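Please brief me on the side-chain interactions in this protein.

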Amino acid sequence: MDLSRFLLLALIPVFRVKKIYVGSKEKIKSGVLIAANHTGFKDPLILETAFWTRRMFYVVAEVVMQNKIRNKFMEGAGCIKIDRNIADTSAIKKCVSVLKEGFALSIFPQGAISGNDAGFKSGVALIASLAKVPILPVYIEKRKNFFARQVVVIGEPFRISDYCDKKMPSVQDLEMVTEKLYEKYEECRQWTLKQN
């Protein structure tokens, strides 16, 4: 049951998302890994609304899905549970499978709800490398008030192969790609700072 589709109907008029593109407006129809900042619990709902034409899946910390009822609901809405304390190969395999099937997967590379200056973890680069899909950097701007439109800045998509041509990138390669992702994310964030 695709609960996210039902949620979407109510969310579109609530957030009234305004998408700003930094670079091209390339529409990715195949699998894509969306990497966004994470400053609150509503971020997945904002992304769901911003990319309403895509079936979206989300990577969620295990601690958030410990309640049985909440766990059932979140799985129905496309959440993939991951244990941040270990190398959760089962969750990584699910993420890769979803991407290879052509769906969108949203990950918050800061690893938890945090400020905009928190560093990114390299799991995004690893999953994108295994699934051979592009990464789309996204910045969710803090909403000024309830009545303001929600601004989402979308960066230039890129692939691991743009920076590393190895079949299996090393840890250093993944860290380098993660730095590139952060740079592209910063371009999106800087755009909003210039407008304010």
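Asp 173 is buried, because its relative accessibility is 13% and buried means under 20% relative accessible area, with exposed over 50% and partly exposed in between (1.4 Å probe, protein chains only). Asp 173 forms a salt bridge with Lys 166. This is a predicted model: local features need pLDDT of at least 70, side-chain atom pairs count only at pLDDT 80 or more, and totals for chains, interfaces and linings use all residues. Residues are numbered from 1 along each chain as its sequence is written, and side-chain values use heavy atoms, with hydrogens and water left out.

**Salt bridges**

- The count comes to 2 salt bridges, a salt bridge being a side-chain nitrogen of Lys or Arg within 4 Å of a carboxyl oxygen of Asp or Glu.
- In the pair of Asp 173 and Lys 166, the closest N and O atoms are 2.9 Å apart.
- Lys 166 counts as partly exposed, at 46% relative accessibility.
- Glu 186 forms a salt bridge with Arg 189, and their closest N and O atoms are 2.8 Å apart.
- Glu 186 and Arg 189 are separated by about one helical turn, because they are 3 residues apart in helix α6 (residues 171-195).
- Helices (H or I, at least four residues) and strands (E, at least two) are DSSP runs, numbered from the N terminus.
- Both Glu 186 and Arg 189 are buried.

**Nonpolar cores**

- The largest nonpolar core has 35 residues, and Leu 33, Leu 105, Ile 127 and Ile 135 touch the most other members.
- Helix α4 (residues 89-100) gives the largest share of this core, 6 residues.
- A second, separate core has 22 residues, including Ala 50, Phe 51, Met 56 and Ile 154.
- A nonpolar core is a set of buried Ala, Val, Leu, Ile, Met, Phe, Trp, Tyr and Cys residues joined through side-chain atoms within 4.5 Å.
- Leaving aside neighbours within four places in sequence, Ile 127 is in contact with Leu 33, Ile 92, Cys 95, Val 96, Leu 99, Leu 105 and Ile 107; contact means heavy atoms within 4.5 Å.

- Val 124, Ala 125, Ile 127, Ala 128, Ser 129 and Ala 131 are buried in α5.
- Leu 136 lies in strand β6 (residues 135-140) and is buried, at 7% relative accessibility.
- With neighbours within four places in sequence set aside, Leu 136 is in contact with Val 32, Leu 33, Ile 34, Ala 35, Phe 51, Ile 154, Gly 155 and Pro 157.
- Leu 136 and Ser 106 are 30 residues apart along the chain, and their C-alpha atoms are separated by 9.4 Å.

**Cysteines**

- The structure holds 0 disulfides, a disulfide being a pair of cysteine sulfur atoms within 2.5 Å.
- Cys 95 is buried, at 0% relative accessibility.
- Cys 164 is buried too, with a relative accessible area of 7%.

**Aromatic rings**

- The structure holds 7 aromatic pairs.
- Rings of Phe, Tyr and Trp (its six-membered ring) pair if their centres lie within 6.5 Å; planes under 30 degrees apart count as stacked, over 60 as edge-to-face and the rest as tilted.
- Phe 57 and Phe 103 form a tilted pair, 5.3 Å centre to centre with 55° between the planes.
- That pair links distant parts of the chain, 46 residues apart: Phe 57 is in strand β3 (residues 56-61), and Phe 103 is in the loop between α4 and β5 (104-107).
- Phe 57 is buried, with a relative accessible area of 16%, whereas Phe 103 is partly exposed at 25% relative accessibility.
- Phe 120 and Tyr 182 form an edge-to-face pair, 5.0 Å centre to centre with 85° between the planes.
- This pair also links distant parts of the chain, 62 residues apart: Phe 120 is in the loop between β5 and α5 (123-131), and Tyr 182 is in helix α6.
- Phe 120 is buried, with a relative accessible area of 14%, whereas Tyr 182 is partly exposed at 23% relative accessibility.
- Phe 120, Tyr 139, Tyr 182 and Tyr 185 form one aromatic cluster.

**Charges over rings**

- The charged end of Arg 55 sits over the ring of Phe 57, 4.4 Å from its centre.
- The ring of Phe 146 has the charged end of Arg 143 over it, 5.5 Å from the ring centre.
- A charge sits over a ring if NZ of Lys or CZ of Arg is within 6 Å of the ring centre and within 35 degrees of the ring normal.
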